[in-house]
Amino acid sequence: MERSSSKAGNGQASKISASPDDDQGIFRRAKRSIDDLITQARRFRLKTKQQELLIRVSALLLIYVLAFATRLFSVLRYESVIHEFDPYFNYRTTLYLTQKGFYEFWNWFDYESWYPLGRIIGGTLYPGLMVTAALLYWTLRLLSFAVHIRDVCVLTAPFFASNTAMVGYFFGKELKDPGTGLVAAAFLAICPGYISRSVAGSYDNEGVAIFALLLTFYLFVKAVNTGSLAWAVASAFAYFYMVSAWGGYIFIINLLPIYVLVLLVTGRYSLRLYVAYNTLYVLGMLLAMQIRFVGFQHVQSGEHMAAMGVFFLMQVFYLVNWVKSMVEPKLFQAFLKIAVIVTGGAGALALGVGMATGYISPWTGRFYSLLDPTYAKDHIPIIASVSEHQPTAWSSFMFDYHLLLFLFPAGLFFCFRRPTDATIFIMIYGLTSLYFAGVMVRLILVATPAVCLIGAIAVSSTLKNVCGLLREKPVGKVPERQGKDKSKGGSDQSIPFQREACIVVLAGALYLLTSYALHCTWVTSEAYSSPSIVLAARQSNGDRVIFDDFREAYFWLQHNTPPDAKVMSWWDYGYQITAMGNRTVIVDNNTWNNTHIATVGRAMSSYEDEAYEIMRSLDVDYVLVVFGGVTGYSSDDINKFLWMVRIGGGVFPVIKESDYLNNGEYRIDAAAAPKMLECLMYKLCYYRFGEVSTEYGKPPGWDRARGTVIGKKDFELEYLDEAFTTSNWIVRIYKLKPPANRK
Amino acid sequence: AMDPVEHAVRLIYKGLRPPRMRLRSLVPELPSPMTAFFLVLASYFLVVSGIIYDVIVEPPGIGSRQDPVTGAIRPVVFLPGRVNGQYIIEGLSSGFMFVLGGMGIVALDLATHKGWSKNVRMSFGLGGIAAVVIAYAMSVLFIRIKIPAYLH
């Protein structure tokens with residue numbers, strides 16, 4: 001039980017013996033009462049161990065609050081609103097779960113998206129996030145806090161980010177010592193690489209999945225270190241949570257076999273590793289099959305075969321080792337030869353039969369493009385078009401990691417110098433995840449915990465050594481060397497000005513860590529806290545101007561169109577239209593049907609009459625486009641047009657990309673290709689735009705996002721009517737005219 | 001009855017003799033930890049310099065723009081405007097700075113090693129401090145050039 005040393009005890013001042021009433025007596029009495037108070041207070045002074053515990057617990061509490069608080073910028077600036085595109089789908093499903101219950105949720109068939117195909121939501125999502133938020137909501141409701149489900153969803157990610165920092169502390173403690181754990185937790189709490197996907201409002205799978213990932217890894221390393229079955233079972237359940245939360249669980253199920261292989265090769269195998277891996281694999285695989293979306297992939301999919309292969313290899317390995325301990329060497333050599341041949345043959349045969357019959361499916365495009373980064377660019381334009389899937393440049397690394405980029409190689413050095421099972425794991429995790437982060441920007445998130453932990457090892461080790469040097473008592477006299485010992489290079493081994501140099505190094509470390517904190521806060525505030533459903537810009541006089549056009553358009557849709565209206569737009573906006581506009585869409589962000597998306601792409605890039613035929617066949621009532629020409633918003637549909645052409649042209653050869661290019665470039669000014677000026681997307685975006693003056697001193701029809709005047713200003717739409725344009729022209733909605741014989 | 005190919009092979013091998021060689025076992029021995037560390041460091045340098053970006057997007061080694069006044073072509077080292085874009089040379093130089101900083105910290109820690117002589121420790125210490133200072137200052141300078149609004 002701790003007692004704070006700062007409070008005085010139940011102040012019982014001892015009686016002061018009577019002394020003469022003069023000034024000296026008063027002073028003496030005062031001094032004695034102070035001395036008595038100090039003696040009382042000393043009784044409550046903590047021992048060093050308790051002091052250390054107090055410091056650690058208060059540091060962890062502060063880190064917990066910090067991790068939560070730094071993610072609240074957008075809630076404080078705008079409001080508690082869900083950001084981006086994917087979170088709107090997650091919000092809609094969580095809402096459905098809390099309103100209708102589990103049975104309806106698992107059996108939900110959604111006819112409001114992917115018209116006319118529909119989508120089996122119950123079997124095609126990862127339920128971990130929704131169930132977590134729903135459980136939090138029900139718990140809070142049980143404690144009679146009347147919260148709205150939207151607020152719970154918005155704040156789920158920061159809550160789990162704080163929990164991740166705590167798991168980071170325990171992991172660091174496991175790797176080295178509690179000091180490393182504290183530094184790791186502090187790094188994790190504010191690292192921008194993690195904040196980017198777990199800010200308040202970013203209600204996406206990664207917010208919960210990174211917590212599950214780090215928890216699984218921590219529990220597994222603990223199981224390997226202790227060899228206890230309990231920790232291994234716990235890690236299997238953590239793996240189950242990870243599988244339910246995110247498709248990135250493939251990383252875990254492939255990293256663990258690599259780790260096991262490395263340990264076997266370097267001769268660090270032991271019974272602890274056997275217990276840990278086998279329990280996690282078998283129990284985790286059985287639990288993972290409970291998620292409908294995953295199903296039997298653990299035995300059927302090529303991406304999971306590495307784990308199974310290593311599982312069997314491990315059995316053979318340990319069997320061979322056991323036989324080796326029982327039998328004399330010559331017989332063992334023969335046994336080894338036979339065992340290797342039989343195992344190799346059986347494994348190759350099984351793999352060959354599995355792949356030939358098609359039972360084991362090959363690697364899917366999304367994960368294959370991680371091994372061969374050029375694959376997506378040539379073969380799968382949908383994957384190549386997502387901006388998060390672009391490879392990473394050095395500035396993204398610096399932006400998201402800052403100081404950790406310097407600490408990572410230093411931490412690796414410390415790990416290599418004194419490898420243990422746990423540090424080998426964190427090194428493999430760090431190196432593989434950093435390579436994948438180099439292939440895709442979005443995977444910087446997965447590498448963040450490893451980079452933070454290895455950086456913490458570097459900081460903690462260096463600071464410990466420097467502080468140890470600072471603390472050592474200066475040697476007064478050089479002790480006489482007796483005997484024939486010759487010391488190398490001077491008898492005094494300590495450096496001159498050692499204490500001063502240590503203080504300089506410590507001050508430098510303080511400066512670097514402070515600048516890391518400043519950088520992280522600046523990045524969070526400026527780059528990662530925009531809700532992207534609400535756009536903000538700075539005017540010339542410094543005022544902030546807010547564009548709320550998206551919500552304006554979606555609410556217009558909700559209030560001014562018939563409830564069974566179908567809206568065609570590019571797939572980016574599908575989730576938002578369904579969640580906020582409450583209307584049926586043709587394609588949305590799930591992108592599970594490439595042909596359907598290609599049909600929409602073809603419609604957008606065809607002439608108006610051809611597009612009208614396609615849209616009538618899809619039963620479309622309204623078309624929605626996003627246009628940034630008036631505001632300068634650069635993520636609009638004209639800038640995404642090249643992907644519509646490529647994806648549409650990938651399925652329908654009638655769309656040829658060369659028709660839209662002028663000299664290899666997409667242009668919309670007077671030098672544009674003729675088909676570009678006539679296609680549906682151009683017409684819908686620039687209808688009536690030729691009369692609008694967007695910037696002082698520029699002619700009417702000046703497109704601020706492209707920086708030119710548009711090529712064709714004066715034209716009429718034959719098959720569509722303009723239904724609604726938002727106040728800043730960002731979202732434009734058009735209604736299809738009925739066919740000529742139906743008017 | 002012998003198959004003609006087998007006949008031919010037997011004839012050939014009547015004259016041939018296998019050479020006397022001492023073949024070692026094919027199992028490679030593991031590299032020492034420090035060798036592995038340097039390999040890993042080299043791969044870290046390449047990844048952090050954005051080599052995968054270079055291979056896929058194929059940017060030029062260095063950019064260029066035309067001077068509006070003189071009309072001459074001036075080189076542009078840092079790709080302006082986006083955070084996730086680079087030229088090859090700017091990537092490599094930034095990667096070098098990161099590795100330099102990391103090695104500086106390693107040198108600093110080695111300077112605290114008790115067993116070595118005074119001069120070695122001092123040079124490690126001073127070299128480490130210099131490396132970290134240079135690397136950090138250059139990295140911040142690079143990011144300031146690339147993102148003009150940095151820390152404002």
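Predicted model: local features only at pLDDT ≥ 70, side-chain atom pairs only at ≥ 80, totals over all residues.
View 1. For residues 87–111 of chain B, the end C-alpha atoms are 37 Å apart, with 92% helix and 0% strand. Helices (H or I, at least four residues) and strands (E, at least two) are DSSP runs, numbered from the N terminus. An unreviewed UniProt entry places the feature "transmembrane region" at both spans and at residues 123–145 of chain B; such annotations may be inferred rather than shown by experiment, and their positions are given in the numbering used here, with feature names shortened.

View 2. Over all chains, the structure holds 62 aromatic pairs, in which the ring centres of Phe, Tyr or Trp (its six-membered ring) lie within 6.5 Å, with planes under 30 degrees apart counted as stacked, over 60 as edge-to-face and the rest as tilted. Y218(A) and W231(A) form an edge-to-face pair, 6.5 Å centre to centre with 75 degrees between the planes. The pair links Y218(A) in helix α10 (residues 205–226) with W231(A) in helix α11 (residues 229–245), 13 residues apart. Y218(A) is buried at 10% relative accessible area, whereas W231(A) is partly exposed at 31%; buried means under 20%, exposed over 50%, and partly exposed in between (1.4 Å probe, protein chains only).

**View 3. A tilted pair between Y682(A) and F715(A).** The rings are 6.2 Å apart centre to centre, with 40 degrees between the planes. Y682(A) lies in helix α31 (residues 680–686) and F715(A) in the loop between β11 (708–709) and β12 (720–725), 33 residues apart. Y682(A) is buried at 0% relative accessibility, and F715(A) is buried at 9%.

View 4. T584(A) is buried, at 10% relative accessibility, and its contacts (heavy atoms within 4.5 Å), not counting residues up to four places away in sequence, include Y115(A) and K566(A). The charged end of K566(A) sits over the ring of Y115(A), 4.8 Å from its centre, where the criterion is NZ of Lys or CZ of Arg within 6 Å of the ring centre and within 35 degrees of the ring normal.

**Notes.** Residues are numbered from 1 along each chain as its sequence is written, while chains are lettered from A and ligands numbered from 1 in the order in which they are written. Local features need pLDDT of at least 70 and side-chain atom pairs count only at pLDDT 80 or more, whereas totals for chains, interfaces and linings use all residues, and side-chain values use heavy atoms, with hydrogens and water left out.
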